[in-house]
Each structure stands twice: as C-alpha cells, then as structure tokens.
Amino acid sequence: MNADGRTRLNRTPEWTALAKHREELGEVRLRELFAADPGRGTGYTLRVGDLYVDYSKHLVTDDTLRLLRELAVATDVSGLRDAMFRGERINTTEDRAVLHTALRAARDAVIEVDGENVVPGVHAVLDRMAGFAQQVRSGEWTGHTGRRIRNVVNIGIGGSDLGPAMAYEALRAFTDRDLTVRFVSNVDGADLHEAVRDLDPAETLFIVASKTFTTIETVTNATSARSWLLAALGDEKAVAAHFVALSTNAEKVADFGIDTANMFEFWDWVGGRYSFDSAIGLSLMIAIGPDRFREMLDGFRIVDEHFRTAPAEANAPLLMGLLGIWYNNFHDAQSHAVLPYSHYLSKFTAYLQQLDMESNGKSVDRQGRPVVWQTGPVVWGTPGTNGQHAYYQLIHQGTKLIPADLIGFARPVDELSDELKAQHDLLMANLFAQGQALAFGRTAEEVRADGVPEEQVPHRTFRGNHPTTTILATELTPSVLGQLIALYEHKVFVQGAVWNIDSFDQWGVELGKVLAKRVEPALTGGADVPGLDPSTAALVAAYRERRK
C-alpha cells in the first residue's frame, strides 16, 4: 500500500493473476481456439449502435476476458467513468472536469460543473453555430465586397485541426460540393500558401480556432491570412466580414479585428483532442449542414450511453480498452495499427494518434510517481488496400506483435457510379482476407501442398496468430462516424484508468512551445539565448549561416 491507500497496479492480485494466466497460455494458437469452439466467430462479438464488433481473432479465452474485467473492477474503471459523466474534476493536474460527453448531451440533460448545468450553454453555442452555418450555406452571409462565401479555411492546430479535418474527409459525401473547405495548421508558411493560392479573397472565410487566441502557430497563420486578405481588399473593415473566431478570449479576438459577435466559445472542461463536436467543428457544420452535424452528435451519444450503462461483459469500449492492456502489458506489444478500409477515413488514424498518444503517453501516475508498466502504445496505420502494398509485410512476417483494428462498411457511398460501387466487394474481400491471413497464416505443410519448391517453403510460410478486431457498419454516415469516435475515446479512457494516469493533460506538448519561444530570437535576430545546449547552439549557428 502507498501513502494514499492505493496498491501499485503491478502488485495487485488481479495483475498477478493475469501475468500467471499469460504464462500458462503460452503460445496459444488461434487455430486451436477456433477448433475448440466452432461458435467463436459469432460468440465473441458485440453490437453497439450501428457497429458490429468482432473480437474473435484475439489471443484470449473466456478466462482471459474474466481476468481482464476483474482488473477493471480492481482499478475502479467504472467509478472513474461515473465521476467523469457527473462532471467531477478527474483531470487532476489541471483541476478540471472532463466533459466532452456534455458536448453531445440531449438538450434536456442535466450535467453540472460546480453546481451549474452546462448543457444549456452547450446547446446555445450549437444553435448559434447552426444559424451562422445556414447563413454561409445559403449565401446570406457575404464578404466585404458583397459576394457570397465560396471558400472556408479553418486555421488551428492539434485538436483544432485534426478533428474537423478528419471529419470533413470522412463525410465528404454529405458536404455541399459547391463549397471549398481547407485546413491550415502547420506554421510552415507553405501550408497557408497552398491553401489559399487559388482562392479569391473576396469569397473566402477564415475560421480561427484557438481557445486563448495565443497559440503561436495558429495566431501566426491567422495574421498572415489577414495580410493576404487585406493585400487584396485593402480595407481593415474587411476583416470582420471574412474572419470568425472559435475562442474564449474576447479581448484578443477584438484586437485582431474580428467582431466578438462572431466568436463561438467552448470550455476548459473540453480538451482539444476531444473538441471537434464543439464550436471547433464549425467548419464541418458549414460543410455538412446543421442537421447532419446533429446526427453525428446523436451517434456520439449512442456510444456514450452504451459505455455508461452496458454490463462489463457486453461493453464495447471497455472490452477494446482491456484487450489493449492485454497486449501492451502482458504480450509486450509496442504499437497498435488502425486500418480503415475506406478512402474517406484517410485521416482517421492520424486523428486517433493524437487522441490516444497525447492522452496516454504518460510516464507518471495520477499521484506523480513514475510508472513501472507500459502505458500508451504507438498508434499508426493508413487505409486499406494501400497499406497492404506497404507495411503489411512486417505485420504478417516480421518479428513484432502488432494488434490491429480493421474497419469496414457494407455499402459504398451513394454518389459513386455503379461501376465504382461494384469495386466495393473487392475492397471488403481484402479486409476479410487480411483478417483471416493475419489470424491463421499458412503452415509449411499447406505451402508444400501447393507444390512450392522446398527452398521457398520457409519464405512462404506465415505464422499467423496476429490479433485483430474487425468493426463493421452498414455505411459511413454522420451518426456512424460519431459512434466510431466515441468508441475510441472511451477505449482510451479505460486504458488510462487502468494504468492510473491522467489521460486529460498534455504537459509534453507545452514544453515544446516554451522552448520554441526561447529559441526563435536566436534564429531571427542572432540573439544570444542562454541555456542552449552545445548541440542546439551549433545547429542554430549552422542554420543562420545557411539562411543568409
């Protein structure tokens, strides 16, 4: 026991029991598990909303799942979950509530923070967003010269970029195709240049997403965008017609030239990586319309309610989180691949990288003590079938265990031609084939039976036994996208709760910002910056020499 009364995670009886179970299972084979239980393919499945989750191809037995659920009980995952939904300050290092779930709560819900029901405020902002989005979509909102807005450029970084950019790509089929929507995040000037080079300033709206309106990359890009606009339109008054803000800092927003009536707020109990279903999603709402945006929020809420109320043995986010614990901590897996078989989910894994790695990339526990167990995995992946011709080789025949999620849809989007729709079966055949090949591989005997020369048999043998979760839905709609994201949000929550880390701060992100501000004067003016290490000082000198 520790001073705070907690037993360290790796010393709990439940952790010890899992370690012993892992040793007893040894090199359990998926072929053997399926042979012993012919019903495993349907028995090890869950349904939540429109999502069908197949976890049969995992290196687990009923005993494994029971022991993992017992670990969740021992670490009080459900207690922390309920505290989150109640609005308690579970972000301990920042003393904040964690209420991204309030962003999609029903209008009549009651969720209190410090005695105040936050839900009416959430819906007031959503209603203002809807009104503004309709003005832009209808042409009622016009630029400084009276012309309608045809281009929307979102300027943000981190969650203020990754979320809306991912969702816009995912829901392209539901967007107004007459609108051009682009996203700028990188402080590299080339990002803004390429985003606006072919746009007409008189028809372009910028959405600047920064809670404090001090984020250096975002403010730098917004200032350059302002200069680009004024170079064409010439009148400072044009800024108010072509810029809106997603922020809480009215003073700085006004100083920039934005009318604070066009400032959409959000709250300190929303982390950036959990925020695109708030005002941060304004660009998305303009693209798909308020009704579709609310459908997406409904999808989030379906999984929120499932996570909050479903029993442990049928709780999909809990199960996915615990499976990640099983591989991370008892199989020494270092990474996790997310492989969507959908072109529209091309940015989904990049979004999940921030969600997972910024949340659970921690090395101290909630009490500030170094952890002695692995925490968050490296999350990576790209859409199938592209990845099959790149890194799947390593997953199939490399030396690393890489659990993976395969995500697919039964139907293609409606607007595809009949010929392109016909390709969908081939796409999904690849998904199912990869899941089978990863799980069961090919034995040397099977290879020989195909007449392969003996010297090639080792090279064409596949060990298999690579675990996958397959997630299927009928089609990729706004609601289904909300369900998918909430599923992963709560999975990340479960793992952070078990590891006893604060999943809702990001001090590692802050360090880089502080150091960049210190180094910049050395680059721009040759200032002598105290505290630079010899390597960095030499790199600064080399940069300045080449910059000349």
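Which residues lie on the one side and on the other of strand β8 (residues 243–246), and are they buried or exposed? In this predicted model, Phe 243 and Ala 245 are on one side of the strand and Val 244 and Leu 246 on the other, and all of them are buried, with the result that both faces of β8 are covered.

The pairing of β8 with other strands was examined next. Strand β7 (residues 204–209) runs parallel to β8 and is joined to it by four bridges, with Val 208 standing opposite Ala 245 of β8. Strand β9 (residues 263–264) is likewise parallel to β8, the two being joined by two bridges, and in this pairing Met 263 of β9 is the bridge partner of Ala 245. Together with helix α11 (residues 250–256), strands β8 and β9 make a β-α-β unit, which is right-handed.

With regard to nonpolar packing, the largest core comprises 125 residues, of which Trp 269, Phe 276, Ile 286, Phe 348 and Leu 481 touch the most other members. Helix α21 (residues 478–499) contributes 13 residues, the largest share of this core. For Phe 348, when neighbours within four places in sequence are left aside, contacts are found with Met 166, Val 338, Ile 407, Leu 484, Ile 485 and Tyr 488.

Key:
Residues are numbered from 1 along each chain as its sequence is written. This is a predicted model: local features need pLDDT of at least 70, side-chain atom pairs count only at pLDDT 80 or more; totals for chains, interfaces and linings use all residues. Side-chain values use heavy atoms; hydrogens and water are left out. Buried means under 20% relative accessible area, exposed over 50%, partly exposed in between (1.4 Å probe, protein chains only). Two strands pair if DSSP finds at least two bridges between them. A crossover is right-handed if, with the strands pointing away from the viewer, the path from the first strand over the helix to the second runs clockwise. A nonpolar core is a set of buried Ala, Val, Leu, Ile, Met, Phe, Trp, Tyr and Cys residues joined through side-chain atoms within 4.5 Å. Contact means heavy atoms within 4.5 Å.
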